[in-house]
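I opened a new notebook page for this structure.

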Amino acid sequence: MLFNREKPVDDQTLDRLAERAADLMAGAKRIVVFTGAGVSTESGIPDFRSPGGIWDRFDPDDFTYQKFISEAETRRKQWQLLWKDRLTETVQPNPAHHAIAELHRLHKLDCVITQNVDSLHLTAGVPEDKVFELHGSMRRVTCLQCGRQYPMAEIKKRLHAGEDVPDCEACHGILKPDIVLFGEMLPDRVLAEATSRAEKCDLFVVVGSSLVVYPAALLPGYAVDSGARLIIINLSETPMDGRANIIIRAKAGEAMTRIIQKLAEKMSG
Ligand code: APR
């Protein structure tokens with residue numbers, strides 16, 4: 001399923017919408033920011049469902065957990081096509097990540113719930129206890145047989161030295177990055193805490209997600225059902241648009257930077 005981009009709003013509309021979003025943030029006590037791959041595209045990481053995105057080039061059915069553990073060819077494809085060069089060390093947070101970290105520094109951020117595995121919210125300065133990584137992270141790789149853990153950088157070196165499918169040095173078991181593949185359960189403690197934060201917040205801000213992958217996509221609904229306001233910053237439509245108080249069709253970096261600048265002015269005024 002691919003989503004066509006809508007035309008981004010003009011600057012004047014963006015400014016008006018950013019002003020309204022900053023007002024909601026100024027009056028909120030517990031802001032949860034929920035991010036997807038769209039918050040990282042301006043860092044050079046392609047998203048999944050935009051034209052040209054990952055699932056435009058590969059079939060997600062080929063990359064399920066079941067196939068990963070049962071087929072060597074799937075493991076080769078995952079390592080060589082999806083993971084080897086995707087999250088290089090050179091990838092840096094972009095203005096959207098920095099704006100979200102600024103929300104934390106303004107003491108307005110309850111937490112970030114992210115579907116991304118790139119750790120860019122941590123790199124941008126949001127403390128670990130305020131980032132819930134629903135789909136895990138690429139920082140570490142674990143042996144599915146003996147549990148031995150490796151830093152991803154070490155495995156990448158082996159891949160770039162020519163290894164096709166890295167296996168465990170200790171037991172030659174299957175190595176898998178600590179991320180959630182299709183068909184795999186989400187880390188239940190992380191999901192439980194993220195659900196609780198969504199239900200307790202008074203403002204839920206979606207940044208760069210198509211909101212079509214469950215159970216993550218249930219969280220904005222939990223927040224609204226519990227009385228929170230909803231802001232969606234996304235270049236294309238989402239199934240939650242009908243329940244949003246504000247929808248901003250703009251690039252995450254520009255929109256979030258403008259909103260946080262306005263919020264900081266309101267808070268210092
Ligand atoms: N600014 C704003 N929105 C953007 C930007 C940007 N710079 N770039 C992309 N977008 C929007 C796209 O229009 C799209 O609607 O971000 C959304 C990204 O959606 P997806 O590619 O579906 O990514 P995501 O929602 O994170 O996918 C969820 O699916 O494949 C699985 O595990 C994977 O975590 C991922 C999950």
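How far is an oxygen atom of the ligand from an N or O atom in the side chain of Asn234, and what is the distance in Å? I looked it up in this predicted model, and the separation is 2.9 Å.

Entry on other polar atoms. I found a polar side-chain atom of Ser209 at 2.8 Å from an oxygen atom of the ligand. For Ala252 I noted a backbone N or O atom, which lies 2.9 Å from a nitrogen atom of the ligand. I then checked the cover: on its own the ligand has 740 Å² of accessible area, and the protein covers 96% of it.

Entry on the shell. I listed 24 residues surrounding the ligand, and the closest are Phe48, Arg49, Ser209, Ser210 and Ser236. By type, I recorded eleven polar, eight nonpolar and five charged residues in this shell. I also looked up the pockets, and the largest pocket is the space that the ligand takes.

I noted that the contact takes twelve residues from domain 2 and 18 residues from domain 1.

Note on methods
Residues are numbered from 1 along each chain as its sequence is written. This is a predicted model: local features need pLDDT of at least 70, side-chain atom pairs count only at pLDDT 80 or more; totals for chains, interfaces and linings use all residues. Side-chain values use heavy atoms; hydrogens and water are left out. A residue is near a molecule or strand if one of its heavy atoms lies within 4 Å of it. A polar contact is a pair of N or O atoms within 3.5 Å; within protein, one must be able to donate a hydrogen and the other to accept it, and residues adjacent in sequence count only if both atoms are side-chain atoms. Accessible areas come from the Shrake-Rupley method with a 1.4 Å probe; for residues, only the protein chains shown count as cover. On a 1 Å grid over the protein atoms alone, a cavity is a set of points where a 1.4 Å probe fits but cannot get out, and a pocket is an open set with protein on both sides within 12 Å along at least five of seven lines; lining residues have an atom within 4 Å of a point. A molecule sits in a cavity or pocket if more than half of its atoms lie within 2 Å of its grid points. Ala, Val, Leu, Ile, Met, Phe, Trp, Tyr, Cys and Pro count as nonpolar, Asp, Glu, Lys and Arg as charged, and the others, Gly among them, as polar. Contact means heavy atoms within 4.5 Å.
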